[in-house]
Amino acid sequence: IISTIVTAVTVVISIVTVTTVVGISIIRAFAVISVSGVVTLIRGICISPRRGTAKYPVETAKIVPDWGIEEDAHGGKWHRQISLLALEKIEAFREKGADVDFGAFGENLIVEGFDLRNVPVDSEIRIGDAVRLKVTQIGKECHSHCAIYQRMGDCIMPREGIFTRVLHGGVLTEGDEIVIEKAAGEADGGAYWCECGTFDNL
């Protein structure tokens, strides 16, 4: 019995030692893995050659690491390389009488099956077999009201859209499966919070 107790204590001490050596990284990895597994689908892919204009749908797109979507104006060395908007939010806006196509809000990816405002900053989004994105910002500030806002008195992208940086590239196609691995913590729905820990007014 004494031998068994000593062995158990040794195992516990070993686990604590490993956790102490690895530190916060182990705790954070556990938090991410424990809430992973939320699955959704890509229902639209949109690009535009210039910023400040509506995007247009394409069937496939090449994702470039630390850049964004090839041939899309929002690609670049910054934290908002690819934007996502939920299909359900677009459909709800259409029910108000708005005639809006995919890309009208300037979004790159339209996804179905998950409320994106519940995805915290630092979460990872895996698409297909290769593409990985990191959530960097929830919502954004709209400095000048777009044509949709001027027509409808509202625009959903500033409060419903999320923004990401490309960790690993690949090719996207409509219908690809997405797995959202939520980071620890809660998303502050509607707040313009970016990965640098400050309010972002870009």
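Reader: Does glutamate 160 count as buried or exposed?
Author: Buried means under 20% relative accessible area, exposed over 50%, partly exposed in between (1.4 Å probe, protein chains only). Glutamate 160 has 8% relative accessibility, so this residue counts as buried.

Reader: What kind of model is this?
Author: Residues are numbered from 1 along each chain as its sequence is written, and side-chain values use heavy atoms, without hydrogens and water. Local features need pLDDT of at least 70, side-chain atom pairs count only at pLDDT 80 or more, totals for chains, interfaces and linings use all residues, and the model is predicted.

Reader: Which residue forms a salt bridge with glutamate 160?
Author: A salt bridge puts a side-chain nitrogen of Lys or Arg within 4 Å of a carboxyl oxygen of Asp or Glu. Here the closest N and O atoms are 4.0 Å apart, and the partner is lysine 89. The pair links helix H5 (residues 157–160) to helix H3, 71 residues apart.

Reader: Where do the buried residues of H3 fall?
Author: Helices (H or I, at least four residues) and strands (E, at least two) are DSSP runs, numbered from the N terminus. In H3 (residues 87–94), Leu87, Ile90 and Phe93 are buried. Down the axis, the buried residues fall within an arc of 125° (directions from axis to C-beta atoms), so they line one face of the helix.

Reader: How many residues apart in sequence are the parts tied by glutamate 112 and arginine 43?
Author: Their side chains meet in a salt bridge of 2.5 Å, N to O. Glutamate 112 lies in strand S6 (residues 109–112) and arginine 43 in strand S1 (residues 38–47), so the separation is 69 residues.
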